[in-house]
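Dear colleague,

Please find below the structure that I am handing over to you, together with its sequence. My notes on what was found in it follow directly after.

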Amino acid sequence: MEIDIRQAVLDNCSYGLYVVTSHRDGKLNGQISDALMQVTACPPTVAVSINKTELTHEYIAASGAFAVSVLSRQADMAFIGHFGFHSGRDLDKFDTIPYKPGKTGCPLVEKNAVAVFEAKVISTLDLGTHTLFVGEVLDGEELSGERVLTYHYYQQHMKGKASKNAPSYHEEKKTDLVAVGDGKYACDVCGYIYDPAKGDPDHGIKPGTKFEDIPEGWVCPVCGVGKDEFSPCQPVASATGKYICETCGWVYDPAKGDPQGGVAPGIKFSDLPDDWVCPVCRMGKGEFAPLEK
Ligand SMILES: Cc1cc2nc3c(=O)[nH]c(=O)nc-3n(C[C@H](O)[C@H](O)[C@H](O)COP(=O)(O)O)c2cc1C
């Protein structure tokens, strides 16, 4: 029997999400990476796997340095799309993103970051499609106590995807794009969800506009692909109607509701107000997953 090694095995690995930046000849660039980890303590070193086709790869190879922003859950899809679905060859990513110049010359992106650090490259390993850059951490700063953004959270709760150059990328079937229905459409490339109730006011699409009525020239605000790359969302069905809090394990049962939180028995999970929180750990609805048994 053939085993899909990636799905069966490697998807169990844990990752964070980072902005990795570098510079060359006075120009700055950065990209999203999940393939980053600390590899020694003394001296402190980290390794990051960067695709050879990326502009950031060129800059790290040229400058021998990179900076890393450890992203928090404050980071939204548009921010991740800016660094992770567009190349610095097509736009100046630092035109719109504030940064602090680091000691190595790499830009430090503090927006949406719990910590930033910079490193000088001390070793490289050619991995074919990617180069593994090992860097000694020279300086860094913790910025906030926010929760870090994990790749798991990005995939499960933000419904985000990796782009093709990520080591963890794999082509997903469109049916993997489960999300609530209500006229919503999901981008098959990055996972952005168009919600007609919200529209896309930053790009001229008023709230209340059906996906079908969006003009053809409109593009995904996260990764820039056209309307034909979108699929209608399937309503998420928890077979039992129950949802489990992934933080503390408390189960929302519609038959019981959450009377102490003002939710009467009989209310479906999807109808809970957006500001409703888990009565045990106070996490929001985004922390809940369908409970199938
Ligand atoms: C969630 C996510 C994770 C990613 N992880 C990596 C990674 O670990 N290594 C990598 O080389 N590219 C990764 N990418 C892809 C790059 O961020 C992307 O190709 C970017 O557009 C490269 O930009 P650049 O050409 O300006 O350097 C990832 C993208 C996303 C959205």
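S72 is placed in the loop that runs between strand 5 (65–71) and helix 3, where helices (H or I, at least four residues) and strands (E, at least two) are DSSP runs numbered from the N terminus. With a relative accessible area of 1%, S72 is buried; buried means under 20% relative accessible area, exposed over 50%, and partly exposed in between, with a 1.4 Å probe and protein chains only. The side chain of S72 comes to 3.0 Å from the backbone nitrogen of Q74. This is a polar contact, that is, a pair of N or O atoms within 3.5 Å; within protein, one must be able to donate a hydrogen and the other to accept it, and residues adjacent in sequence count only if both atoms are side-chain atoms.

The model is predicted, so local features need pLDDT of at least 70 and side-chain atom pairs count only at pLDDT 80 or more, while totals for chains, interfaces and linings use all residues. Residues are numbered from 1 along each chain as its sequence is written, and side-chain values use heavy atoms, with hydrogens and water left out.

A polar atom of the T21 side chain lies 2.6 Å from the backbone oxygen of P107.

I turn next to the ligand. Which residues are closest to the ligand? They are N51, E54, T56, S87 and G88, out of 29 residues that surround the ligand; a residue counts as near if one of its heavy atoms lies within 4 Å.

- A polar side-chain atom of T56 is 2.6 Å from an oxygen atom of the ligand.
- A polar backbone atom of N51 is 2.8 Å from an oxygen atom of the ligand.
- A polar backbone atom of A35 is 3.0 Å from an oxygen atom of the ligand.

Taken alone, the ligand exposes 650 Å², of which the protein buries 97%; accessible areas come from the Shrake-Rupley method with a 1.4 Å probe, and for residues only the protein chains shown count as cover.

The ligand takes up the space of the second largest pocket. On a 1 Å grid over the protein atoms alone, a pocket is an open set of points with protein on both sides within 12 Å along at least five of seven lines, in contrast to a cavity, where a 1.4 Å probe fits but cannot get out; lining residues have an atom within 4 Å of a point. A molecule sits in a pocket if more than half of its atoms lie within 2 Å of its grid points.

Two or more residues of the shell around the ligand come from each of strand 2 (27–33), strand 4 (45–51), helix 2 (55–63), helix 3 (77–84) and helix 4 (151–156). Strand 2 gives the largest share, four residues. By type, the shell holds 12 nonpolar, 13 polar and four charged residues; Ala, Val, Leu, Ile, Met, Phe, Trp, Tyr, Cys and Pro count as nonpolar, Asp, Glu, Lys and Arg as charged, and the others, Gly among them, as polar.

The loop between helix 4 and strand 10 (185–187) contains K159, P167 and D182. P167 is partly exposed at 45% relative accessibility. Although 132 residues separate P167 from A35 in sequence, their C-alpha atoms are 6.9 Å apart; A35 is also the residue whose backbone contacts the ligand at 3.0 Å. D182 is exposed, at 66%, and its C-alpha lies 9.0 Å from that of Q234, 52 residues away in sequence.

Some backbone details also deserve mention. Most residues other than glycine have a negative phi, and most peptide bonds are trans. K159 has a positive phi, near 60 degrees, and is partly exposed at 26%. D25, in the loop between strand 1 and strand 2, likewise has a positive phi, near 50 degrees, and is exposed at 73%. The peptide bond that joins C42 and P43 is cis, with omega at about -5 degrees; P43 is found in the loop between strand 3 (36–40) and strand 4.

With kind regards
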